[in-house]
Amino acid sequence: MPRVGTLLIGCALIGMPMAAQAQAYKCALPGMVPDPRPDLPSASEPQRVLPIGSYTLAITWAPQYCRDNGREPSARFQCGSGNRFGFTLHGLWPDGMGKTWPQYCTATPIVPPAVIRSTLCSTPSAQLIQHEWAKHGTCMGTTPAAYFERSTKLFGGLRYPDMDRLSRRPLTVSRFASALAAANPGLPASAIRVTGKRGWLDEVWLCLDKGFRYERCKAGSGGLSGKARLKIWRGSR
């Protein structure tokens with residue numbers, strides 16, 4: 001794997017401790033952010049208005065995302081504009097009381113431009129921001145501004161182990177979860193689920209209770225086995 005060059009510090013990450021700076025990034029907002037398209041329920045993704053039992057905070061490993069999707073027009077800001085990301089915020093998802101979760105609970109207009117701009121350095125896609133609000137945020141009885149304020153605050157509070165160092169040694173899912181937990185006092189490894197594609201780190205899903213406190217993930221809620229081998233793509237810069 002090519003070695004990632006010196007990490008660039010940007011946005012609100014300047015001055016953070018080294019554990020946080022392990023995934024520091026450079027994010028420069030464009031002069032104009034394109035308006036996203038409406039995101040609507042469909043036959044395969046229907047409306048489901050259900051009680052909320054817990055939450056998932058999903059974060060994406062951006063080098064792997066750009067490796068897989070960097071040529072897509074929707075990925076240009078994240079992967080091809082000179083910006084640099086480590087983990088990014090996928091979203092805050094309400095979970096149901098069982099295996100089915102609520103989604104697309106109410107019809108919604110386009111997320112206000114000011115909210116998109118304030119969220120774009122955490123979730124670097126205007127269309128994904130619209131999707132997360134339409135599919136998940138509308139089920140939480142709140143406003144777009146309050147929904148993204150909560151999700152970006154949870155995301156911004158996370159600290160990360162040295163991903164470059166982890167990528168250079170034999171690694172399993174459980175070892176990665178333990179390293180992430182060690183960097184975040186109060187986050188137990190049992191609250192961490194890891195997803196991967198062909199053995200490469202894709203996303204991390206953190207399990208939260210109804211009060212947005214970390215809790216043990218429920219059995220059968222997804223993610224790789226703790227014994228599975230895990231590789232981390234460092235990028236090509």
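**View 1. The open sheet of four strands in the predicted model.** The strands form an open sheet in the order β2-β1-β4-β3, with antiparallel pairing; strands (E, at least two residues) and helices (H or I, at least four) are DSSP runs numbered from the N terminus, and two strands pair if DSSP finds at least two bridges between them. Because β2 and β3 stand at the edges with a single partner strand each, one side of each is left without a neighbour in the sheet. From one strand to the next the twist averages 20 degrees, where axes are lines fitted to C-alpha atoms, for helices over the stretch in contact, and angles run from 0 to 180 degrees between N-to-C directions. This is a predicted model, in which local features need pLDDT of at least 70 and side-chain atom pairs count only at pLDDT 80 or more, whereas totals for chains, interfaces and linings use all residues. Residues are numbered from 1 along each chain as its sequence is written, and side-chain values use heavy atoms, with hydrogens and water left out.

View 2. Antiparallel strands β1 and β2 are joined by eight bridges; Y55 has P94 as its bridge partner in β2. Six bridges link β3 (residues 192–197) with the antiparallel β4 (residues 200–208), and I192 has L206 as its bridge partner in β4. Two residues separate β3 and β4 in a hairpin, and R198 in the turn has a positive phi of about 55 degrees.

**View 3. Helix α8 across the sheet.** Helix α8 (residues 173–182) lies across β2, β3 and β4 and runs at about 130 degrees to β3. Contact means heavy atoms within 4.5 Å.

**View 4. Aromatic pairs.** Eight aromatic pairs are found in the whole structure; rings of Phe, Tyr and Trp (its six-membered ring) pair if their centres lie within 6.5 Å, and planes under 30 degrees apart count as stacked, over 60 as edge-to-face and the rest as tilted. The ring centres of W61 and F87 are 5.0 Å apart with planes at 55 degrees, so this pair is tilted. W61 lies in β1 (residues 54–61) and F87 in β2 (residues 87–95), so the pair ties together parts 26 residues apart in sequence. Both W61 and F87 are buried (under 20% relative accessible area, 1.4 Å probe, protein chains only). W61, F87 and Y160 form one aromatic cluster.

**View 5. Charges over rings.** The charged end of R67 sits over the ring of W233, 4.0 Å from its centre; the criterion is NZ of Lys or CZ of Arg within 6 Å of the ring centre and within 35 degrees of the ring normal. R150 lies over the face of F212, at 4.0 Å from the ring centre.

Definitions and conventions. Buried < 20%, exposed > 50% of the residue type's maximum accessible area, 1.4 Å probe, protein only.
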